[in-house]
Amino acid sequence: MDPAVTAELTRLRESIDNIDAAVVHMLAERFKCTQQVGVLKAEHDLPPADPAREARQITRLRELAGSAKLDPAFAEKLLNFIIAEVIRHHETIADGAR
C-alpha cells in the first residue's frame, strides 16, 4: 500500500479511537447521573420508566442528529438502547430498595 495512504489511514483510525474513548467516558458520566435518578425514583416510589420524558428526549435527539448531519433514525435507535439500559438499572435499584 502507498505509504501516504497508510499514514492517512493511521491518522484517521487514531482519531476514531479517540472519539470512541470520549463516547465511552460520556456514556459513563450519563449513567452516573441516571443511577442517581434511579435512587431518587426508588426513594419516592416513582416508576422506573417515564414514557413522556423518553418521548421528549427522542424528539430532541432526532432534531440534534438532523442538525449534526447524523441519521435521526440511527440516533433514535441508539437512545432507545440507552433508555432500555437505564430502565433496567432503575428497576434493579427499585427492587433493592424494597
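This is a predicted model: local features need pLDDT of at least 70, side-chain atom pairs count only at pLDDT 80 or more; totals for chains, interfaces and linings use all residues.
**Exercise 1. Find which residue just after α2 takes a positive phi, and check whether the span of α2 fits its length.**

Residues are numbered from 1 along each chain as its sequence is written, and side-chain values use heavy atoms, with hydrogens and water left out.

For the span, the expected value is 1.5 Å times one less than the number of residues; the 17 residues of α2 should therefore span 24 Å, and the end C-alpha atoms of α2 are 24 Å apart, which agrees.

**Exercise 2. Determine which residues of α2 are buried and how they are arranged around the axis.**

Taking buried as under 20% and exposed as over 50% relative accessible area (1.4 Å probe, protein chains only), the buried residues of α2 are E54, Q57, I58 and A65. They cover an arc of only 105 degrees, taken from the directions from the helix axis to the C-beta atoms, and this puts them on the same side of α2.

The next step is to look at both faces: the buried residues of α2 pack against α3 (contact means heavy atoms within 4.5 Å), whereas the face turned away from the buried side carries the exposed residues R56, E63 and S67.

Note on methods. Helices (H or I, at least four residues) and strands (E, at least two) are DSSP runs, numbered from the N terminus.
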